[in-house]
Amino acid sequence: MLRINDILDKVQSYLSPSEIGMIEKAYIFSASVHQGQIRLSGEPYLTHPMEVCGILADMKLDAATLITGLLHDTVEDTLTTLEQIEESFGKEVAFLVNGLTKISKITLGNQEERQAENFRKMILAMSSDIRILLIRLADRIHNMRTLEFQTPDRQRYISKESLDLYAPLANRLGINWMKMELEDLSFRYLDFEAYNELAKRIVKKKAKREEYAEEVRGIIRQEMERFGIRGEVEGRAKHFFSIFKKMKEQHIDFDEVYDLTAFRIILDSDKDKDCYEALSMVHALWTPVPGRFKDYIAMPKANHYQSLHTTVIGPYGERVEIQIRTRPMHDWAEEGIAAHWRYKEGRAFSSDVDQIKKLRDLLDAQQEIENPREFMSNLKVALFPEEVYVFTPNGDVRSFPKGATPIDFAYSIHTDIGNQCIGAKVNRSIVPLKYQLQNGDTVEIITQAGHHPSKDWLKYVVTSRAMAKIRNWVKTEERKKSVTLGRDLLEKEFKKHHLKFGQFSKSSEMQKILKEYHIDSLDDLMAFVGYGRVSPKHVVHHFLPEEEINKGEPPDRTRKKGVEAEPIGVSLTGIDDIMVRFGKCCDPIPGDEILGYISRGRGIAVHTANCKHVQDMDPERLVDVHWDIREKREYPVQMKIVCHDKKGALADISAAISSLDVNITHAEINAPQDGKAHCEFGVNVIDLNQFNKIIAVIRKLRGVISVERLWRS
């Protein structure tokens with residue numbers, strides 16, 4: 001367990017005695033208010049704020065940040081108030097603690113809403129002070145390090161959130177060690193079988209890899225000495241998740257991953273030109289691999305990362321990845337925004353750093369989105385860019401995520417430019433709007449007044465800003481259509497019973513209906529009817545005598561119509577009298593997180609929450625659905641297996657699946673001339689747990705390179 005003296009020793013070199021005294025005071029305060037609280041591990045709760053503070057001290061952050069690290073859970077988990085924090089430790093610390101206090105005391109509809117609101121709050125606070133995000137990252141790192149004490153469901157939820165949101169945020173701030181640790185810890189809990197298998201195979205190769213790394217380092221050092229280049233050479237093993245991702249994306253076996261170790265030349269210099277001199281030395285020594293050179297000095301990454309990357313054919317014909325950077329570049333690459341703030345007396349934290357502006361611009365665009373599901377979806381998309389750099393006609397450089405199109409470019413200039421975009425010129429030639437921008441392109445947008453965006457554009461855009469603007473326009477238009485349709489349906493239903501809808505639209509009974517559905521206006525009710533969320537029959541029944549409602553209606557009619565939801569094992573939240581079916585694009589199985597989509601005239605389609613089609617759906621028509629398994633039944637699911645093309649491979653896979661008493665519904669094999677077989681299997685399973693067992697068994701088969709769930713297009 002970390003002790004307060006350990007923390008004080010770490011900060012002795014850069015904090016004043018008065019600041020160290022305040023840290024001791026915060027430690028005593030935290031120990032007092034958390035007294036008697038125990039973590040799931042059985043340790044005193046105080047160990048958590050202590051470890052968080054220790055991580056922040058290693059990053060050499062200022063006294064207010066360290067004090068907040070010790071106090072970050074006091075308002076949420078004890079009887080402490082913000083007023084007490086401010087009185088004892090000042091306004092700055094109180095502001096930071098408030099920014100870190102989760103929205104746990106507000107009752108929200110579901111976990112997704114709570115998650116979205118927590119992130120909204122953090123983002124708003126972060127706009128004023130980036131230290132809030134640094135403390136939250138340190139908090140998440142320690143929680144991930146002690147995740148084994150959580151239930152399996154919580155482990156998966158927290159790991160997925162860490163991988164989808166916190167690791168990309170660490171990457172955006174340039175804190176590489178945090179990003180790598182969060183990715184590896186998340187990988188361990190999200191796919192332990194694959195993690196464990198990879199760990200075993202890496203350990204087997206460790207001695208041989210270290211011997212090779214030392215040989216490469218020795219050759220580079222010798223050349224640096226010969227050319228008078230001063231600096232050090234590091235050989236760093238790639239982290240597990242990056243190796244796994246490469247194997248999965250390229251469909252290669254572990255034995256085919258040659259660059260398990262990346263080498264760095266860190267120069268004792270702060271001049272960019274010295275990096276290019278070192279690059280010339282490396283390329284003179286070994287043959288560079290075409291297309292594998294990246295210049296992040298001339299074109300830094302969005303997180304301000306700078307370095308030269310090259311891959312060469314090294315000793316024994318093996319590919320070797322080499323990164324070349326100056327010492328200041330290296331400090332930023334490892335510690336990012338934290339390296340910018342090496343504390344100096346009298347120097348305050350600033351939010352004017354270019355990197356914070358970029359992050360704030362990235363996240364501020366999400367604030368307008370009301371739907372929590374859409375907010376989280378856009379936020380995840382926004383945090384995962386691989387940049388391409390393009391030019392405006394005036395010669396200004398703009399960066400976009402890989403895969404961006406002229407539509408993304410248009411919306412980055414102005415919403416009206418995006419909405420009125422009808423075409424684009426790239427390098428003076430007309431290109432389709434779905435053209436993917438390339439590094440160095442010069443882009444010019446062609447607009448037409450009165451033109452409007454198309455819902456199909458959502459298939460081509462990758463920036464969260466463009467997605468949000470298009471969805472907002474589509475949603476507004478669909479709402480107008482739904483209000484008109486809803487009014488028509490209500491008028492027809494009222495007319496059937498010889499009533500006039502207009503006469504009752506402002507009645508007290510209509511106000512009761514609005515309250516029943518928790519909506520504010522008649523337009524909202526008509527939109528709900530148009531979307532299919534409210535039956536016009538249900539509305540008109542409020543205005544009819546009871547004998548007329550029952551006239552000619554068979555008893556339990558609603559139950560008969562709605563009964564289809566029960567056999568398929570899904571229950572709906574707040575919706576009756578509607579047909580339910582599974583989306584063929586994602587084949588949900590019990591255990592998957594699911595959503596329902598109201599499709600006009602076809603009832604509710606159930607999709608997995610991560611189905612790629614969900615992002616393009618109107619959030620107003622998404623409803624909460626839950627698994628409600630009352631009797632066992634089988635569900636179809638697809639999987640893709642890549643293995644070495646050898647005799648008996650298909651028989652081994654089929655036998656492994658059958659050994660778990662699982663029925664194979666179809667198998668399709670494709671063996672291109674690359675020595676690998678690509679197999680697609682359809683199986684029937686009871687739930688996600690059974691499917692994961694199948695995956696684990698197949699992964700252990702000799703010759704299997706990768707196995708994953710297959711999502712249909």
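Phe 293 is found in the loop between β3 (287-288) and β4 (294-295). The structure in which this residue sits is a predicted model. Leaving aside residues up to four places away in sequence, Phe 293 touches Leu 279, Leu 308, His 309 and Thr 310. The C-alpha atoms of Phe 293 and Thr 311 are 6.7 Å apart in space, although 18 residues separate the two in sequence.

From this single residue we turn to the nonpolar cores. In soluble globular proteins, nonpolar side chains tend to be buried together. The largest nonpolar core of this model has 55 residues, and those with the most contacts inside it are Ile 23, Leu 66, Leu 71 and Met 178. Which helix supplies the largest share of this core? It is helix α9 (residues 131-145), which contributes eight residues. Met 178 touches Leu 134, Leu 137, Ala 138 and Ile 141, and it also touches Ile 55, Met 59 and Ala 170, again not counting residues up to four places away in sequence. Apart from this core lies another, of 31 residues, and among them are Val 570, Val 623, Val 637 and Val 707.

The next element to consider is a sheet. It is an open sheet of four strands in the order β18-β19-β17-β20, with antiparallel pairing. β18 (663-670) and β20 stand at the edges, and each has a single partner strand, so one side of each is left without a neighbour in the sheet. From one strand to the next, the twist averages 20°.

Strand β17 (residues 635-644) deserves a separate description. Seven of its 10 residues are buried, so that the strand is mostly covered. How many bridges join β17 to strand β19 (residues 676-685)? There are 10, and the two strands run antiparallel. Two pairs illustrate this arrangement: Pro 636 has Asn 684 in β19 as its bridge partner, and Cys 643 has Ala 677 in β19. β17 is also joined to strand β20 (residues 704-709), by five bridges, and these strands too run antiparallel. Met 639 stands opposite Arg 709 in β20.

A second open sheet has three strands, in the order β10-β9-β11, with antiparallel pairing. Its edge strands are β10 (429-431) and β11 (443-447), each of which pairs on one side only. In this sheet the twist averages 35° from one strand to the next. Five bridges join strand β9 (residues 421-426) to β11, and the two run antiparallel; Val 426 stands opposite Val 443 in β11. Helix α19 lies across β9, β10 and β11, running at about 80° to β11.

α19 leads in turn to the packing of helices. Two packed helices are described by the angle between their axes and the distance between the axes. The axes of helix α19 (residues 406-413) and helix α21 (residues 464-496) come within 9 Å and cross at roughly 85°. Because angles of 65 to 115 degrees count as roughly perpendicular, α19 and α21 are described as roughly perpendicular to each other. On the side of α19, the contact is made by Ile 407, Asp 408, Tyr 411 and Ser 412, and on the side of α21 by Arg 465, Ala 466, Lys 469 and Ile 470. The residues of this contact divide into four nonpolar, one polar and three charged.

α21 also meets helix α24 (residues 522-531). The axes of α21 and α24 come within 6 Å and cross at roughly 90°, and these two helices are therefore roughly perpendicular to each other. The residues of α21 in this contact include Arg 479, Val 483, Leu 485, Gly 486 and Leu 489, while those of α24 include Asp 523, Met 526, Ala 527, Val 529 and Tyr 531. By class, the contact of α21 with α24 has eight nonpolar, three polar and six charged residues.

Methods. Residues numbered from 1 in each chain as written. Predicted model: local features only at pLDDT ≥ 70, side-chain atom pairs only at ≥ 80, totals over all residues. Heavy atoms only, no water. Contact = heavy atoms within 4.5 Å. Buried < 20%, exposed > 50% of the residue type's maximum accessible area, 1.4 Å probe, protein only. Pairing = 2+ DSSP bridges. Axes fitted to C-alpha atoms, helices over the stretch in contact; angles between N-to-C directions. Parallel < 35°, antiparallel > 145°, perpendicular 65-115°, else oblique. Nonpolar A, V, L, I, M, F, W, Y, C, P; charged D, E, K, R; others polar. Core = buried A, V, L, I, M, F, W, Y, C linked by side-chain atoms within 4.5 Å.
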